Amino acid sequence: MLYCFGNARTADQLEQMRRLDAAGICLFCPDGLSGQQILLRTRHWSVTPNEYPYPGTSLHLLLVPDQHAGDLLDLPEEVREDFWAALGAVAREHRLSHYGLGVRNGDCRYTGATIGHVHAHVLVGDAEAADAPPVRMRFSARPGGPGEVAVPGGPAPGYRPRSA
């Protein structure tokens, strides 16, 4: 599954997701990413601005691995190690003194992600705007939203901790 339509946040985003899905294009694989602005490259990662930044951010970047995977843990060790080099380069380039880092892993029907290609969000809240809302990143979802079909026998939604 490339896209999770039920997690789209805007009509424009949903339209783009449907168009790319119909063409069989993963927005974050190297061929799909080639049409986007690349701010920085490391050996295994590209950094690009989020085309649909979260409300309240003054900076919203995505760190995207070249290799298609749904989970950071599915990436080879050298790719995971290079993630830290990419994050460090972003922090230096943007002189970040504070930021949030968010990554959704696994089945995007349950994580709130819109795309099944793992990526990391670097988020900086807009401290200059008095009316800026707090930055919120969704980390859970339920299948069956707009354009989404729940898969019978799929994984159970949500994390259920064991009793102590």
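Residues 24 or more positions apart account for 63% of the contacts with a separation of 6 or more in the protein chain, where a contact means heavy atoms within 4.5 Å. The model is predicted, so local features need pLDDT of at least 70 and side-chain atom pairs count only at pLDDT 80 or more, while totals for chains, interfaces and linings use all residues. Residues are numbered from 1 along each chain as its sequence is written, and side-chain values use heavy atoms, with hydrogens and water left out.

The protein chain holds four helices and five strands. These are DSSP runs, numbered from the N terminus: helices are H or I with at least four residues, strands are E with at least two. Along the sequence the pattern is α-α-β-β-β-α-β-α-β. The protein chain has 164 residues, and 41% of them are buried. Buried means under 20% relative accessible area, exposed over 50%, and partly exposed in between (1.4 Å probe, protein chains only). The accessible surface of the protein chain is about 9500 Å². Carbon and sulfur atoms contribute 52% of that surface. Accessible areas come from the Shrake-Rupley method with a 1.4 Å probe; for residues, only the protein chains shown count as cover.

A search of the whole structure returns one disulfide, defined as a pair of cysteine sulfur atoms within 2.5 Å. A disulfide is a covalent bond between the sulfur atoms of two cysteines. Here the partners are cysteine 4 and cysteine 108, with sulfur atoms 1.9 Å apart. The link is right-handed, with 75° about the S-S bond. The pair joins distant parts of the chain, 104 residues apart. Cysteine 4 sits in the segment before α1 (11-22), and cysteine 108 belongs to helix α4 (residues 108-111). Both ends are buried: cysteine 4 has a relative accessible area of 1%, and cysteine 108 has 3%.

Cysteine 26 takes part in no disulfide. The nearest cysteine sulfur, that of cysteine 29, is 3.7 Å away.

One backbone feature concerns arginine 95. Its phi is near 50°, a positive value in a residue other than glycine. Most residues other than glycine have a negative phi. Arginine 95 lies in the loop between α3 (77-93) and β4 (100-103). Arginine 95 is exposed, with a relative accessible area of 76%.
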